Amino acid sequence: MDNTDILPSANLTYNLTEKINLRASFFDAVNRPEFRELADFRYFDYQSNYTIIGNPLLRRSTSNNADIRFEYFPSGGEVLSVSGFYKKFVDPIEQIQLDNDQLSYQNAVSAKDIGVEFELRKNLNFISDGSIFKNFTFYVNASYINAKVTLRDINNQPYSASTPLQGQSPYLINSGLYYTNNKGDFSFNVLYNRIGERLKYRGVQGSVDTYEKPRDVIDFQISKKLTTRAELKLTLSDLLAQTSAYYFNYGNANRTVYNAGEDKIIQNRYTGTSAVLSFRYNFGLAK
């Protein structure tokens, strides 16, 4: 099918003061199926232990997006912002779970997302001015998304479900603590990430939805410049090494949080903690 998509966009920024901005934006977007989603063949995915089948009848998805943001910049490198956003999808593409451990793709009828986002980046010198805290910066970004999806039942009739789109979480949290010394030759950072229960596969044809349980992830990185050209860096990923757990969501389809009394864990994956030590040297060779 041939489609001609006109994708308008608009951005507006209003400076309330030298340190405060009010931003608004609107844009349309299109998401076209990938080849592997359209190809009419099946293959076995050894990582997920599912057979995956393409769907040549997939339609491209379109969306309307709008957001408004309040920004405050207390000083250089610091920001406080709050924003709200709205997204409306037509024919969103989802990965679905069929019977007999098979995955495929299909279009939902439509979906709507309404959410808020909060961001803060703040230097810690307010704790004790002139102390070591001036070298620390704290960062946090958090989002909450309320979603509603319109699907089709086995009789091809549309119905609404208060669940996220496939691959989407109801909330996300990212934060970090950064340190750089006065000389700028030594630094470290600690990062924290958490993603809410995520719809892994949409269940159809009698199958139930599969969700991924939330887990906490902490990463650490430290670097030291040995000379003006040489740098040593150590990166530790996923220090908590929590498992990635997937569960069948039995009971009320609109309830997505894991319930040990009803839901069933079907996979537990352990990836462990990884460490990478790297050395970089800039030879500074002129071209």
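Predicted model: local features only at pLDDT ≥ 70, side-chain atom pairs only at ≥ 80, totals over all residues.
Local features require pLDDT of at least 70 and side-chain atom pairs pLDDT 80 or more, while totals for chains, interfaces and linings use all residues. Residues are numbered from 1 along each chain as its sequence is written, and side-chain values use heavy atoms, with hydrogens and water left out.

Me: Why is the pair of Phe136 and Phe188 called edge-to-face?
Reply: Rings of Phe, Tyr and Trp (its six-membered ring) pair if their centres lie within 6.5 Å; planes under 30 degrees apart are stacked, over 60 edge-to-face and the rest tilted. By this rule there are 13 aromatic pairs. The centres of Phe136 and Phe188 are 6.1 Å apart and their planes stand at 70°, so the pair is edge-to-face.

Me: Which parts of the chain does this pair link?
Reply: Phe136 belongs to strand S10 (residues 136–152) and Phe188 to strand S13 (residues 186–195), 52 residues apart. Strands (E, at least two residues) are DSSP runs, numbered from the N terminus.

Me: What makes Phe136 buried or exposed?
Reply: Buried means under 20% relative accessible area, exposed over 50%, and partly exposed in between (1.4 Å probe, protein chains only). Phe136 has a relative accessible area of 15%, and therefore counts as buried. Ring pairs also link Phe136, Tyr179, Phe186, Phe188 and Phe220 into a cluster.

Me: What makes the pair of Tyr211 and Tyr247 stacked?
Reply: The two rings lie 6.0 Å centre to centre with 20° between the planes, and the pair is stacked. Tyr211 lies in strand S15 (residues 210–212) and Tyr247 in strand S18 (residues 244–248), so the pair ties together parts that are 36 residues apart in sequence. Tyr211 and Tyr247 are both buried.

Me: How do you know that Lys213 lies over the face of Tyr258?
Reply: A charge sits over a ring if NZ of Lys or CZ of Arg is within 6 Å of the ring centre and within 35 degrees of the ring normal. Lys213 lies over the face of Tyr258 at 4.4 Å from the ring centre.

Me: Why is Phe283 called exposed?
Reply: The relative accessibility of Phe283 is 55%, so the residue counts as exposed. Phe283 is found in the segment after S20.

Me: What makes up the nonpolar surface patch?
Reply: Leu226, Leu232, Leu277, Phe279, Tyr281 and Phe283 form this patch of about 640 Å². Like charges are joined within 9 Å, and nonpolar side chains (Val, Leu, Ile, Met, Phe, Trp, Tyr) within 5 Å. Strand S20 (residues 274–281) gives the most to the patch, with three residues.

Me: How do you know that Glu119 is buried, and what is it in contact with?
Reply: Glu119 has a relative accessible area of 17%, so the residue is buried. Glu119 lies in strand S9 (residues 110–123). Contact means heavy atoms within 4.5 Å. Leaving aside neighbours within four places in sequence, the contacts of Glu119 include Arg69, Leu80 and Tyr139.

How values were computed. Patch = residues over 30% accessible without salt bridge, like charges linked within 9 Å, V, L, I, M, F, W, Y side chains within 5 Å. Areas by Shrake-Rupley, 256 points an atom, 1.4 Å probe, with all protein chains shown as cover. Salt bridge = Lys/Arg side-chain N within 4 Å of Asp/Glu carboxyl O. Helix = DSSP H or I, 4+ residues; strand = E, 2+ residues; numbered from the N terminus.
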